[in-house]
Amino acid sequence: FGVQMIGATREIIHRAEDRQVFREIVEDLGLHMPRARTVNTVEEGFDFLEEIGLPAILRPAFTLGGSGGGVAYNRDEFEDLLRRGLSASRIDQVQIDESALGWKEFELEVVRDRNDNCVVVCGIENIDAMGVHTGDSITVAPILTLTDREYQVMRDAALDILRAVGVDTGGSNVQFAVNPRTGRS
C-alpha cells in the first residue's frame, strides 16, 4: 500500500522475534545459548524433550508478556504447555529450552542508531534467580556482581546482537544468564 514503517522493518522484527532465526544469529556470532529447538508439533516437542530432560522451558513465538509459555516439571505439564504454546503462537511455533532455573539473570537496555552510535542505558541484575518472570522479579541497577571484564563481554555481545539483528532505530532489551556454579553463560 506504499506505507513505509518508521523504526524497525518487518525483516528486523522477524530476525528479533522468530526464535530459530534469532538463535542462528546469536550462534553465528559465537555466543552461547541454552540448548533449544523450535518445534511446530507436539511430536517434535517430545522428541527434543528426550534430549534435554525436565524441567524444560517453553516459549511460544510472537506472543507478548510470556503468554502461552512456562516451565514444565513433568510430562503432563510439558504436553499441556506445548499445546497451549502452539495455539498461542500465530506461527504455530514454540521454542523449548533446556532449563536455566537457578542461573543468574542480567539485562542490558541498549540503544543504537543508524550511524552505529551505541549506548548501554542501563545494566540490570535480577536478584531472583531464573525461574521468576522478569516482570515479577526484584531487580537492581546497576549490575552489582559482575566484574568489569564480565560486564564488558556482555556489553560487546549485546551490541554485536543489535548489529546482527539490524536494530538501528532505538532501544532493545538484551538478556543474559550465567550458571553460578559453573560460570557457563
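In this report, a strand is a DSSP run of E with at least two residues, and strands are numbered from the N terminus. With that in hand, let's walk through this predicted model.

Strand β5 covers residues 104–112, and V111 is found in it. The residue is partly exposed, with a relative accessible area of 31%. Together with V119 and V121, V111 makes a nonpolar surface patch of about 230 Å².

**The open sheet**

Strand β5 also belongs to an open sheet of 4 strands, whose order is β7-β6-β5-β8 and whose pairing is antiparallel. What stands at the edges of this sheet? Those places go to β7 (139–140) and β8 (170–178); each has a single partner strand, so one side of each is left without a neighbour in the sheet. Helix α5 (residues 148–165) packs on the sheet and touches β5, β6 and β8. The direction of α5 makes about 50° with that of β5.

Strand β6 (residues 118–126) is joined to β7 by 2 bridges, and the two run antiparallel.

**A strand wrapped up inside**

Is strand β4 (residues 94–98) enclosed or open? It is largely enclosed by the rest of the structure, because 5 of its 5 residues are buried. Buried here means under 20% relative accessible area. Both faces are covered: V94, I96 and E98 lie on one side, Q95 and D97 on the other, and all are buried.

Strand β4 has pairing partners, too. Strand β1 (residues 36–39) pairs with β4 in the antiparallel sense over 4 bridges, and R37 stands opposite I96. Strand β2 (residues 56–60) is joined to β4 by 5 bridges, again running antiparallel. There, A56 has E98 as its bridge partner. In general, strands of a sheet pair through backbone hydrogen bonds.

**Backbone details in the loops**

| Feature | Residues | Angle |
|---|---|---|
| cis peptide bond | L54 and P55 | omega about 0° |
| cis peptide bond | A141 and P142 | omega about 5° |
| positive phi, not glycine | D92 | phi near 55° |
| positive phi, not glycine | D116 | phi about 65° |

P55 is found in the loop between α3 (42–52) and β2, while P142 is in the loop between β7 and α5. D92 sits in the loop between α4 (75–88) and β4 and is partly exposed, at 44% relative accessible area. D116 lies in the loop between β5 and β6; at 33% relative accessibility, D116 counts as partly exposed.

Methods:
Residues numbered from 1 in each chain as written. Predicted model: local features only at pLDDT ≥ 70, side-chain atom pairs only at ≥ 80, totals over all residues. Heavy atoms only, no water. Buried < 20%, exposed > 50% of the residue type's maximum accessible area, 1.4 Å probe, protein only. Pairing = 2+ DSSP bridges. Patch = residues over 30% accessible without salt bridge, like charges linked within 9 Å, V, L, I, M, F, W, Y side chains within 5 Å. Areas by Shrake-Rupley, 256 points an atom, 1.4 Å probe, with all protein chains shown as cover. Salt bridge = Lys/Arg side-chain N within 4 Å of Asp/Glu carboxyl O. Contact = heavy atoms within 4.5 Å. Axes fitted to C-alpha atoms, helices over the stretch in contact; angles between N-to-C directions.
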